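Work through the exercises below with the model open beside you. Try each task before reading its solution.

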Amino acid sequence: MSRKMQVAVLGSTGSIGLSTLDVLARHPDRFEVFALTANNNVAKLREQCLAHCPQFAVVVDAAAAARLATDLLAAGCKTRVLAGEAALSEVAAHEQVDAVMAAIVGAAGLRSSLAAARAGKRIMLANKEALVMSGPLFMQAVREGGATLLPVDSEHNAVFQCMSGPGATQAGVTRADVRRVLLTASGGPFLRAPASALRAVTPEQACAHPRWVMGRKISVDSATLMNKGLEQIEACLLFALPPAQVEVVVHPQSIVHSLVEYIDGSMLAQLGNPDMRTPIAHALGWPERIGSGVESLDIVRTARLDFEAPDAARFPCLGLARAAAEAGGTMPAVLNAANEVAVEAFLQRRLSFLEIPEVIERVLSRHSSLPASSLDDVLSADDWARHEAHAALRAAAGVCA
Ligand code: NAD
Ligand code: MG
């Protein structure tokens with residue numbers, strides 16, 4: 001019998017992490033969980049370690065790591081507990097690991113995702129922020145490390161599936177036969193909300209996504225449409241396309257996960273129920289297909305598939321992301337960092353929903369894009385943008401007071 005694939009799940013306690021463990025548990029003959037990681041949710045990680053018995057568990061917070069180690073020992077579980085951010089990269093690049101689910105949210109996942117790329121792993125990428133920030137540097141690490149990059153973001157996974165064919169099975173290969181990619185957007189919870197109503201929306205309303213259950217940060221990004229902006233940058237990088245060839249179309253049913261149009265006029269789409277276990281299973285099984293536990297799509301009951309243009313005026317984040325994509329260099333890292341700071345402030349009720357794009361715009365307008373040729377370039381742009389965004393938050397608070 002062939003050796004089981006050893007999988008490290010980074011961010012195992014999050015929404016993508018949970019769906020990944022669900023799919024893995026359906027295939028005990030095929031996969032073994034090698035490592036699980038969390039920021040500080042020790043209770044959930046403990047439960048996961050007892051169920052999956054990984055070799056390693058990583059907790060970023062040292063005190064929480066020590067608590068977990070004591071707990072696991074008492075429960076007779078042999079998992080070794082590591083602490084600190086560096087340990088995330090260690091397990092991602094561990095020689096016994098075959099595949100890494102990169103499902104940490106935000107810039108916090110950059111180093112470990114890059115480590116997996118450099119170590120030549122199968123990287124199943126959910127952590128879009130890492131790719132947006134480091135762009136060409138990330139793709140270079142994938143090439144030089146001999147890694148296999150498989151998109152887990154549902155839209156990009158759909159595009160990847162629609163592009164599979166002779167000579168096109170690896171993301172990052174330019175396709176002269178592709179006319180454009182259409183990324184579908186559900187439109188988020190405020191698709192039909194008038195501009196005047198957006199002023200007073202709460203974090204709870206923003207996180208109540210009509211189609212997907214996700215972490216809080218990506219839920220807010222879906223409500224502002226910044227998620228689609230980040231995804232546009234992600235698509236340009238993964239499929240080596242200029243921003244003009246990646247369009248966004250609102251599709252409220254979230255059944256068509258994205259489309260690819262070829263130069264002969266053929267348009268291919270990938271459809272399915274909105275459940276992240278489908279793209280996760282695709283990335284885990286590729287190039288084979290494996291079961292995901294996702295229910296069959298009832299197209300008769302679905303009956304209708306609607307498509308409409310996004311409203312750029314009500315959702316300015318789309319335009320901000322497009323401008324950052326076109327500027328390139330350090331601009332996408334600045335966009336991402338400013339967005340992370342603004343979203344966190346919104347979740348903590350220190351910033352209103354409509355101020356999120358205002359903060360980002362202010363930070364972008366103060367930045368002249370520089371080459372992003374090294375990790376240091378990316379990290380200093382990220383640092384600068386966080387600093388500027390905090391200054392913009394203070395200015396916004398001053399206005400409110
Ligand atoms: P989540 O908030 O539910 O989970 C985030 C995970 O990252 C948790 O395990 C948490 O412990 C870990 N984490 C957070 N901060 C950390 C830090 N500083 N250091 C180490 N670990 C840390 O988020 P999610 O919804 O699962 O999203 C994860 C990633 O996948 C995001 O980049 C998101 O954009 C992307 N994604 C998510 C979905 C979805 O349906 N949830 C879909 C597409 C893409
Ligand atoms: Mg997506």
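## Exercise 1: a residue in helix 7

Glutamate 155 lies in helix 7. Helices here are DSSP runs of H or I with at least four residues, strands are runs of E with at least two, and both are numbered from the N terminus. This is a predicted model: local features need pLDDT of at least 70, side-chain atom pairs count only at pLDDT 80 or more, and totals for chains, interfaces and linings use all residues. Residues are numbered from 1 along each chain as its sequence is written, while chains are lettered from A and ligands numbered from 1 in the order in which they are written.

**Task.** Is glutamate 155 buried or exposed, and which residues does glutamate 155 touch?

**Solution.** 
1. Set the cut-offs. A residue is buried if 20 or more other C-beta atoms lie within 10 Å of its own, exposed if 12 or fewer, and partly exposed in between, with C-beta atoms placed from the backbone.
2. Apply them. Glutamate 155 has 27 C-beta neighbours inside 10 Å, so glutamate 155 counts as buried.
3. Find the contacts. Two residues are in contact if their C-beta atoms, placed from the backbone, lie within 7 Å.
4. Leave out residues up to four places away in sequence; glutamate 155 then touches Leu183, Thr184, Glu231, His257 and Ser258.
5. Check the record. An unreviewed UniProt entry carries a "binding site" annotation that includes Ser154, Glu155 and Glu231. UniProt positions are given in the numbering used here, feature names are shortened, and annotations may be inferred rather than shown by experiment.

## Exercise 2: the whole helix

**Task.** How many residues of helix 7 are buried, and what do they pack against?

**Solution.** 
1. Helix 7 spans residues 154–163, and ten of its ten residues are buried.
2. Among them are His156, Phe160 and Met163.
3. The buried residues pack against strand 7 (148–151), strand 8 (178–185), helix 11 (226–238), strand 10 (256–262), strand 11 (267–271) and helix 12 (277–285).

## Exercise 3: the ligand shell

**Task.** How many residues surround ligand 1, and which helix gives the most to the shell?

**Solution.** 
1. A residue is near a molecule if its C-beta atom, placed from the backbone, lies within 6 Å of it.
2. 25 residues surround ligand 1, the closest being Gly11, Gly14, Ala108, Met214 and Gly215.
3. Helix 1 (15–25) and helix 6 each supply at least two residues. Helix 1 gives the most, with three.
4. By class, the shell has twelve nonpolar, ten polar and three charged residues. Ala, Val, Leu, Ile, Met, Phe, Trp, Tyr, Cys and Pro count as nonpolar, Asp, Glu, Lys and Arg as charged, and the others, Gly among them, as polar.

## Exercise 4: backbone checks

**Solution.** 
1. The cis bond joins tryptophan 286 and proline 287, with omega about 5 degrees. Proline 287 lies in the loop between helix 12 and helix 13 (299–302).
2. Serine 254 is in the loop between strand 9 and strand 10. Its phi is near 50 degrees, a positive value in a residue other than glycine.
3. Serine 254 counts as partly exposed because it has 18 C-beta neighbours inside 10 Å.
4. Alanine 303 also has positive phi, near 60 degrees. With 8 C-beta neighbours inside 10 Å, alanine 303 counts as exposed.
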